[in-house]
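Good morning, and thank you for joining.

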Amino acid sequence: MTTHGDAVGPSAQSAVPAVTNEKQQVKAAIDPSDRTGGGRVSPANPEVPPQLGRLATGLSRLRAALGAAAYPLELPSADEARRVGEALSAQLDDYLLPRLARLDAPLLVVVGGSTGAGKSTLVNSLVQTPVSTAGVLRPTTRSPVLVTHPDDVQWFAPGGILPGLTRTGQASTASDTIQVITTPTIGPGLALLDAPDIDSVVDRNRKLAAQLLAAADLWLFVTTAARYADAVPWEMLTTARLRGTVVALVLDRVPTDAAGEIAAHLGEMLTANELGSAPLFVLPETTLDQRGLLPDAAIGPMRVWFAQLAEDANARFTVVRQTLNGALAALTPAANGLADAVDDQIRTAQALDERVEAAYRTARRVTEDGLRDGRLLRGEVMARWQEFVGTGDLVRGLESRVGHLRDKLISAISGRPTPTQNLRVAMESQLVTLMRGVAADAAEQAYAAWQAHPAGEALLVPDLQHASADLPQRADRLVRDWQQWVLDLVRTEAGDKRSVARGAAYAVNGAGLAVMITVFTSTAFIPTGLEVAAGAGSAVAAQKVLEAIFGDQAIRALATRARAELLTRVDELLATEAARFTERTAAVRLETAQSTLLRQAAAEVEKAREELALTGSGS
């Protein structure tokens, strides 16, 4: 059994805001202003002003913007943004939107505090009956307990305050429920909610406690003489102050001989933290009665204070207005901070994308250089080209079908591929090798660039370090499709060229292969530099044949178009490879408008708040 001492004397209480039985001083402790309401919403003005509708609309838009905003990249601002975004969304759902919809609902007093501070005992004592389990085992309060007058129970039905928590009439260990208890010993117009410990060893309990405190019209913070200076409670008190929540404090289990000193020190701490005007109740050490309740000598003044608050609609409404106004005022800077975090995400995503684009731009440039500097004419391609054109087969093939028929016959008898097939395969192999090389290099460069950035590193998976597994097959298909495109181009451009027409398909193949060879050089067979070393003499021979068929300008145009088409297809291939990276930042790129929406919605809410003037000053 917890023991308590005698009541604190008047001298001890004089060091902190006085709490007396006088009704006027009870109101003064709440600091009401202009309770008649004037032109504002109030019990004296039951008509809903248009500003309230605009405020509700603005809050709904802000809630939608908060729900749409995301912070997937691991940045220094991301964790805080996620936490703040979740907290704002929860407060809008749990408190602001439901409270604005029913301003005349009972005042909700959330009783919160540290482990073992005596919250449940206090609630039971205030309503003079055991309604919330109290004990020495921790955590004691697992699911919150809401105590209300029978006439007020409909206000706390599902869909109102804290809509995400299931209502139940029975005690529960589930943390997503609220046990609703009715008793006539609590006055109508006021409800008490016993919350889990704010420093509970159970993570869910701590989060639930914070959620409930954000839904409070008035937070009754309970601490003890031994723990009133702990860090966690003061963090929560600071949050309540910044949010504008009205706060009252209970200093429990105070030794009689140290009451003055402890109360004075707590008062100094409250003043230093801009909470000096908060009402403070000092409860002495004393013995609980047989039902586990505090004796009336200790709890009586506090019970009277709450009874008078419950009876005075204007005083209750003053508390609601002050807390509501503070919570609304805190939305704009918080939402603007979230908008800044969204902008940070977008800038980072753009920077990561640029690193990928730079790697694949390099790949494209290397490919284009490879088509211009003659390197692809070396080795197998040159040997097969010389085999194809050096013996005169190209010319004979263009002039008649004899060459074509001869090659088919020889190929059928010997089983060896024709020179045409050899050349096409050699060119395909060179191009595929080039593309596989540049794609692999680009993947490594992009991977390394992201690895050097914390946000990029978090997005990486091992497969990104290499080109796609199916890249060789796609590159093969790309080259074969391009070769067919070149043949179709030659066939179309040949038209009525009789020399090609006589050669039919074989002539088209020969001319097409010659056009493909031109793509492997930069000057349409004007031999310079590396092209000379690569055997440009044979290329010149091909140029002469093609010029005789198509004309000088036509062959240059064909080569240019074929090269452009190949590079276009390579661009598409590399873009698909790059997309493996950029698809991981795609969600952030979709957030471009979200920061604007957050700022606009917050500004709309702030304007409506100022127009509504809940506390008379609009601030």
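A residue is called buried here when its relative accessible area is under 20%. The model on the screen is predicted. By that cut-off, buried residues make up 53% of the 619 residues in the chain. The fold contains 22 helices and eight strands. The chain exposes about 26400 Å², and carbon and sulfur atoms supply 53% of that area. Among contacts with a separation of 6 or more, 81% are between residues 24 or more positions apart.

Let me turn to the aromatic rings. A pair of aromatic rings is described by the distance of the centres and the angle of the planes. How many aromatic pairs does the chain hold? The count comes to five. One of them is formed by Phe281 and Phe306, which are stacked, at 6.5 Å centre to centre with 20° between the planes. Phe281 belongs to strand β8 and Phe306 to helix α9, so this pair links distant parts of the chain, 25 residues apart. Phe281 has a relative accessible area of 4% and therefore counts as buried. Phe306, at 6% relative accessibility, is buried as well.

Trp450 lies in helix α14 and Phe581 in helix α20, so the pair ties together parts that are 131 residues apart in sequence. Both Trp450 and Phe581 are buried.

Finally, I return to Phe281 and Phe306: ring pairs link these two and Trp305 into a cluster.

Conventions: Residues numbered from 1 in each chain as written. Predicted model: local features only at pLDDT ≥ 70, side-chain atom pairs only at ≥ 80, totals over all residues. Heavy atoms only, no water. Helix = DSSP H or I, 4+ residues; strand = E, 2+ residues; numbered from the N terminus. Buried < 20%, exposed > 50% of the residue type's maximum accessible area, 1.4 Å probe, protein only. Contact = heavy atoms within 4.5 Å. Areas by Shrake-Rupley, 256 points an atom, 1.4 Å probe, with all protein chains shown as cover. Phe/Tyr/Trp six-rings, centres within 6.5 Å; stacked < 30°, edge-to-face > 60°.
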